[in-house]
Amino acid sequence: PCLTCLCSPVAEKTGKVLGEFCRCYREQYGVALFNSVRYEIEGNGGPQAQLLHRKVPLEDHVIYSGNLFQYIEENKKWRNRFCVVPHNYGLVLYENKLAYERELPPRVLVNSAGYKVLTSVDQYLELVNSSLPGVTPKSGHSPILKCPTDFPLILWHPYARHYYFCVMTGKEQEKWGAVLQDCVRHCNNGISEDSKVEAPAFTDAIRMYRQSKEQYGTWDMLCGNETQVLSNLVMEELLPELRNTIGPRLKGKAQERQRTWIQISDAVYRMVYEQTKAQYDATMAKCEQERPQMESIIRTDMDQIITSKEHLASKIRAFVLPKAEVCVRNHVQPYISSILEALMTPTSQGFAEVREVFFKEVTDMNMNIVNEGGLEKLVEYMEKLSHLAFHPVKMQSCYEKMDQLKLEGLQQRFDVSSTSVFKQRAQIHMRQQMDDAVYTFETLLHQELGKLQGKDDLCKSIQRILERVLKKYDYDSSTVRKKFFREALLQISIPFLLKKLAPTCKGELAKFQELIFEDFASFILVENTYEEVVLQSVMKDIMQAVKEAAVQRKHNLYRDSMVMHNSDPNLHLLGEGIPLEWGEEYGGQPEQDAEKRRRARQVVSVIQDDEGALPYEVGTELQPSSPEPPEVEEPSPGASPSSRGQVEEIREALAEENLGKDADVPPRASVQHTAPASPKPSADVPSEPEVPPATPASPRAKPPSPSPGMTCQQPSDKETGEEVALGGSGCSSPQPTGTTESSEGVQTEF
């Protein structure tokens, strides 16, 4: 099918969806602005965090770098790529390691928001077959993708292009899998929590829009930044229409039709993304322009707005609450304890594992300092420890606890499409708590260093500070988990209640509009007030369930009445200082060496596995690579080098092919630590200081520094696959996607 003819209907549909959404956003913007100003004036109590929060994010490290093979769709070959994962969790693919070291522009930049990491070709084929119903390769025919090893790594997206990688060993696959999962987890959390107006306005507008289409419950594609989320919203409605229109017109074998459909979907996604970004940015600019005047009205008439809203709420409450309470009593209340228990077990196990990993790492460090000695070794270990929360492999044992989360029959009853929303949120909390614990430990130890004399004093001080930080962690962990449980229960129950009440209540809400003064109509919405009343109907039961779990000390939760008060009021002042630089402050190295060390810093070490491993040579290809049906006399492309003999054959073939080329194999090293089990969390709350909570800041993308005289394309927030030039200002047919070996510069942006 000619993609040019799709431009007009795609643009029309995108404009229609965005028009409705932007109307919702403008309405929610006024409400969010009012709530933000009211919170600023009235404040809000609640437990304060005991752990310090890193104010300046760590931006001078690389999460991981190494070689893997990427499938190139144009020439149907697997080519070696050197992949770097910087602190912003974008995937940056270079031609080879030499290109990276010379700071040449990368081949591909990928933002993995919305992607799924697959480690099996069968998993991938199942998703591809379901994306275009009725088009499945017949038995015995070659599928759309074949992997030359047993260790694939596939990034699958329901709308954008797919990325195909493979490695040579199971250990490499495991490590790369953890790294890619962390990239997806981080990029999915793309809406900044620092924004107290735009972020809630956006998420509420998304929810209101979907509810207007009778879509209640959680949404798996609330992934990435605002433009990515909106693009997903458009594609959710647009793609079924395209599938019905284009699907029957696709020609060729089943795998060819599947491949064409993936390219069409990706091309349409690009069009939608560009239009969405322009329209959403314009709406944002208009709201920002109107903000000063709106804020002035709010501050001047705050009391009148609050009074008007309370009057409206009382009228809606009288109408809705009796019906809502019956619905809660019959359909929600009996299941709250079951949902809570299903959430508590894996979440608390994950947080307990965070505690254990932190304890082991610090204990290992202490033991090594005893054996090896000296401040120099402490600096080396502290630089590694500071990045512990961003170590995908070490944190994997914490994250995987959430894989146990199962809501079973409750998932269907409450229209929860997937538990992935809750898993990911809990994992993000785990990483944040780990980083807070590490930073608090760093800060306290840094304060003590000037007072210490000798190795024995240092080791005793480390142990004492560790115990102190663990007590703080136990308290904060309880607070964070209880908040997470309450929010998850509300996320599950509120959409269910709104859907149940809609037939009898939603149609009657229009009559309450006349109760709002026209001057305050931008800050008070009937539908938002209605949802608040519904929330109140179930909130008491949810709070009680979480409170009872804490009273019974389930999963080491603390009671709400247990609050730590200012036993160390000066601790939080330590977190306001200059960010710690262990190597620069205590390493005693020249500035240029420190800079070299900073550039080389990497969180995850490269693995060492000689058994069956192939060198990732410059320009290496894996053969056979064609996904087309093989000749009868040739070996199958799906065959993997599982035996030692096959590995040696491939080694010899690669050696012949790359004769005369310089190999560029990254150094490989692995450090294994063991440590005794950590002490169990104390049942009694320790007397520790209160520290005001801080909002986590998301690291920003940093492109590789270009060489003098070289222009390097800047990364953006785009996530839509390789860059495809549409040519001119008109709408021309997008080209098929893929990485071309002759192309230059950056194709995919993030």
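Trainee: Which residues of helix α3 (residues 121-131) are buried?
Mentor: Keep in mind that we're looking at a predicted model. Seen down the axis of α3, the buried residues fall within an arc of 120°, so they line one face of the helix. Those residues are Val121, Tyr124, Leu125, Val128 and Ser131.

Trainee: And which exposed residues sit on the face of α3 turned away from its buried side?
Mentor: Exposed here takes over 50% relative accessible area. On the face turned away from the buried side, the residues that are exposed are Asp122 and Glu126.

Trainee: What covers the buried residues of α3?
Mentor: The cover includes both strands and helices. Among the strands are β5 (116-118), β6 (152-156) and β7 (163-166). The helices included are α6 (226-246) and α7 (254-300).

Trainee: At the start of α3, which backbone nitrogen does a side-chain oxygen of Ser120 reach?
Mentor: Look at the start of the helix and find the side chain of Ser120. One of its oxygens comes to within 3.2 Å of a backbone nitrogen, and that nitrogen belongs to Asp122.

Trainee: Let's switch to Asp435. Is it buried or exposed?
Mentor: First find it in helix α12 (residues 420-448). Buried means under 20% relative accessible area. Asp435 has 6% relative accessibility, so it counts as buried.

Trainee: Leaving aside neighbours within four places in sequence, what is Asp435 in contact with?
Mentor: Contact here means heavy atoms within 4.5 Å. With those sequence neighbours set aside, the contacts of Asp435 are Arg54, Ser386, Ala389 and Phe390.

Trainee: How many bridges join strand β1 (residues 62-72) to β2?
Mentor: These two strands run antiparallel. Joining β1 to β2, you'll find 10 bridges.

Trainee: In the hairpin of β1 and β2, which residue takes a positive phi?
Mentor: Go to the hairpin, where 4 residues lie between the strands. The positive phi is near 55°, and the residue that takes it is Lys76.

Trainee: What is the bridge partner of Phe82 in β3?
Mentor: Strand β2 (residues 77-86) is mostly covered, with 9 of its 10 residues buried. It runs antiparallel to β3 (residues 91-94), and 3 bridges join them. In β3, the partner of Phe82 is Tyr94.

Trainee: Last one: what share of the chain's residues count as buried?
Mentor: The chain's secondary structure comes to 18 helices and 8 strands. It has 750 residues, and the share of them that count as buried is 52%.

Methods:
Residues are numbered from 1 along each chain as its sequence is written. This is a predicted model: local features need pLDDT of at least 70, side-chain atom pairs count only at pLDDT 80 or more; totals for chains, interfaces and linings use all residues. Side-chain values use heavy atoms; hydrogens and water are left out. Buried means under 20% relative accessible area, exposed over 50%, partly exposed in between (1.4 Å probe, protein chains only). The arc is that of the directions from the helix axis to the C-beta atoms. A polar contact is a pair of N or O atoms within 3.5 Å; within protein, one must be able to donate a hydrogen and the other to accept it, and residues adjacent in sequence count only if both atoms are side-chain atoms. Two strands pair if DSSP finds at least two bridges between them.
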